[in-house]
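Please read these notes alongside the model.

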Amino acid sequence: MIEARHLRVLRAVASTGSFSAAGRELGCTQPAVSQQMKALESSVGTPLLVRTGREMRLTQAGEALVRHAAGIIAGLTAAEEEVAAIAGLRAGRVRLVSFPSGSSTLVPTALAALRAAHPGTRVSLEEAEPPKSVELLREGDCDVALAFRYEGAAGAEEWDDLVVRPLLTDRLVALVPEGHRLARTEGSVAIGELARESWIAGCPRCRGQLVEVCEGAGFAPRIDFATDDYPAVVGLVGAGLGVAVLPQLAVESVRPRGARTVALEPAVRREIVALTLPDLAQVPAVTATLDELARAGARQPAAR
């Protein structure tokens, strides 16, 4: 196997014409140069230099190796510089996947702070709800995935193979039209008080959580509208077409015109996290992204 340090010695010998001169150029002793040249000739299995009086001359094999050495050493130097830039956060790329309400609240704050601190680091963003976002992470299609899970939900072990960075705990709230009988309620409202209402449901995972909570309160919600689009949910509630239960973070991502939020009992919370793979957690750009997401989560009103 040819080592880069041996190629550097060979180039120095070829350019200076002797072991001693090469040693002075490289900052090492003449015996050290001689030893490394012997190791290189042993690796390639043929002589690379011949002595002619007091000078050294390259063999045909030596000439060929010196010719290739320039490109090899240049490539290694470029690779070393690029890796050093990535390690020092002067360069790098992070592929981020987030669910929509995270994309409009946590992500902008985090990425603005990351760009200010490390302008050479680039982050791409794609949207996907869990568990799809977690699948993308495991399949190598992203480096960081924002995800959530509801307290007490089954499958808590589904992230055991991942690095989990908690961001905030988000509470579900009821959303009712401004003219609703409960719109001015101070304190919490039992979800059973909304049993006879027309319901507007959100994303499939949130919809399933809504049905589960309502059934726990002794009723099945009459879902008249269902949409994955949070602004559409808010718009339908604001138009007086029904009530909804949404995560607080989702409400904060939309201006709820014509609608009001009401705290619910029993309290239902979801844990919002950033996920990555154990090996990726050691990459400086990924670590910096996780740190900024955590700071953004701590500043969210939903986290208080």
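1. Basis. This is a predicted model, in which local features need pLDDT of at least 70, side-chain atom pairs count only at pLDDT 80 or more, and totals for chains, interfaces and linings use all residues. Residues are numbered from 1 along each chain as its sequence is written, and side-chain values use heavy atoms, with hydrogens and water left out.

2. Helix 1, length and end. Helices (H or I, at least four residues) and strands (E, at least two) are DSSP runs, numbered from the N terminus. The 13 residues of helix 1 should span 18 Å at 1.5 Å a residue, and the 19 Å between its end C-alpha atoms agrees with this; the expected span is 1.5 Å times one less than the number of residues. After helix 1 comes glycine 17, with a positive phi near 90°.

3. Helix 1 against helix 2. Two packed helices are described by the angle between their axes and the distance between the axes. Here helix 1 (residues 4-16) and helix 2 (residues 19-26) pack at about 120°, their axes 8 Å apart. Axes are lines fitted to C-alpha atoms, for helices over the stretch in contact, and angles run from 0 to 180 degrees between N-to-C directions. The pair is therefore oblique; under 35 degrees counts as roughly parallel, over 145 as roughly antiparallel, 65 to 115 as roughly perpendicular and the rest as oblique. Residues of helix 1 including Val9, Ala12 and Val13 meet residues of helix 2 including Phe19, Ala22 and Leu26, where contact means heavy atoms within 4.5 Å. The residues of this contact divide into seven nonpolar, two polar and two charged. Ala, Val, Leu, Ile, Met, Phe, Trp, Tyr, Cys and Pro count as nonpolar, Asp, Glu, Lys and Arg as charged, and the others, Gly among them, as polar.

4. Helix 1 against helix 4. The axes of helix 1 and helix 4 come within 9 Å and cross at roughly 125°. That makes helix 1 oblique to helix 4 as well.

5. What is buried in helix 1? The buried residues are His6, Leu7, Val9, Leu10, Ala12 and Val13; buried means under 20% relative accessible area, exposed over 50%, partly exposed in between (1.4 Å probe, protein chains only). Their cover includes helix 2, helix 3 (30-44), strand 1 (49-52), strand 2 (55-58) and helix 4 (60-87).

6. Valine 234, in helix 8 (residues 230-238), is buried at 2% relative accessible area. Leaving aside neighbours within four places in sequence, valine 234 is in contact with residues including Leu175, Leu246 and Val254. Arginine 93, in strand 3 (residues 93-98), counts as exposed at 58% relative accessibility. Not counting residues up to four places away in sequence, arginine 93 touches Arg122 and Asp143.

7. Backbone points to check. Most residues other than glycine have a negative phi, and most peptide bonds are trans. Leucine 89 is not a glycine, yet has a positive phi of about 60°; it lies in the loop between helix 4 and strand 3 and counts as buried at 14% relative accessibility. A cis peptide bond joins proline 130 and proline 131, with omega about 10°. Another cis bond joins glutamate 265 and proline 266, with omega about 0°; proline 266 is in the loop between strand 11 (259-265) and strand 12 (269-276).
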